[in-house]
Amino acid sequence: QPHEGPLAFGARACARWPEFGVAFRVSAESYAILRYGPPPEGAGAKRQRDAALARLARAIDVLPAAAILRATPS
């Protein structure tokens, strides 16, 4: 939905495709942290950002292509 944020979108995707629930939850949370969270500070800032990006990438890698998900019956 146009009005929903990444966490609401992730929750909706988890409900529709529960077999990929963990990947949707992790990707939504990681994106929200990277996009909307406070910027990491201190000596480990780059490490924190890189870790969030790695979590996001791993979660996305688990998901099938969007066309396959759309073809899945509700």
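I take contact to mean heavy atoms within 4.5 Å. With that rule I looked at the chain: residues 24 or more positions apart account for 58% of the contacts with a separation of 6 or more.

**Ground rules.** I am working with a predicted model, where local features need pLDDT of at least 70, side-chain atom pairs count only at pLDDT 80 or more, and totals for chains, interfaces and linings use all residues. I number residues from 1 along each chain as its sequence is written, and side-chain values use heavy atoms, with hydrogens and water left out.

**Overall layout.** I looked up the elements and found four helices and zero strands; here helices (H or I, at least four residues) and strands (E, at least two) are DSSP runs, numbered from the N terminus. Read from the N terminus, the order is α-α-α-α. The C-alpha trace spans about 45 × 25 × 15 Å along its principal axes. I then checked burial, where buried means under 20% relative accessible area, exposed over 50%, and partly exposed in between (1.4 Å probe, protein chains only). Of the 74 residues in the chain, 26% count as buried.

**H1 against H2.** How do these two helices pack? Helix H1 (residues 6-16) and helix H2 (residues 21-36) meet at an angle of about 175°, and their axes are 8 Å apart. The axes are lines fitted to C-alpha atoms, for helices over the stretch in contact, and angles run from 0 to 180 degrees between N-to-C directions. On the H1 side I noted Pro6, Leu7, Gly10, Ala13 and Cys14, and on the H2 side residues including Phe24, Ala28, Tyr31 and Tyr36. By class, this contact has nine nonpolar, two polar and two charged residues. In that sorting Ala, Val, Leu, Ile, Met, Phe, Trp, Tyr, Cys and Pro count as nonpolar, Asp, Glu, Lys and Arg as charged, and the others, Gly among them, as polar.

**The core.** Which residues form the largest nonpolar core? I found six: Ala13, Trp17, Ala23, Phe24, Leu63 and Leu69. Such a core is a set of buried Ala, Val, Leu, Ile, Met, Phe, Trp, Tyr and Cys residues joined through side-chain atoms within 4.5 Å. Leucine 69 lies in helix H4 (residues 66-71) and counts as buried at 9% relative accessibility. Setting aside residues up to four places away in sequence, leucine 69 touches Arg16, Trp17, Phe20, Phe24 and Pro64. With that exclusion again, tryptophan 17 touches Phe24, Leu69, Arg70 and Thr72.

**Aromatic rings.** Rings of Phe, Tyr and Trp (its six-membered ring) pair if their centres lie within 6.5 Å; planes under 30 degrees apart count as stacked, over 60 as edge-to-face and the rest as tilted. By this rule I count two aromatic pairs. In one of them, tyrosine 31 and tyrosine 36 have ring centres 6.3 Å apart and planes at 80°, so the pair is edge-to-face. Tyrosine 31 is partly exposed at 39%, while tyrosine 36 is exposed at 53%.

**Serine 27.** Beyond its neighbours within four places in sequence, serine 27 is in contact with Leu56 and Ala59.
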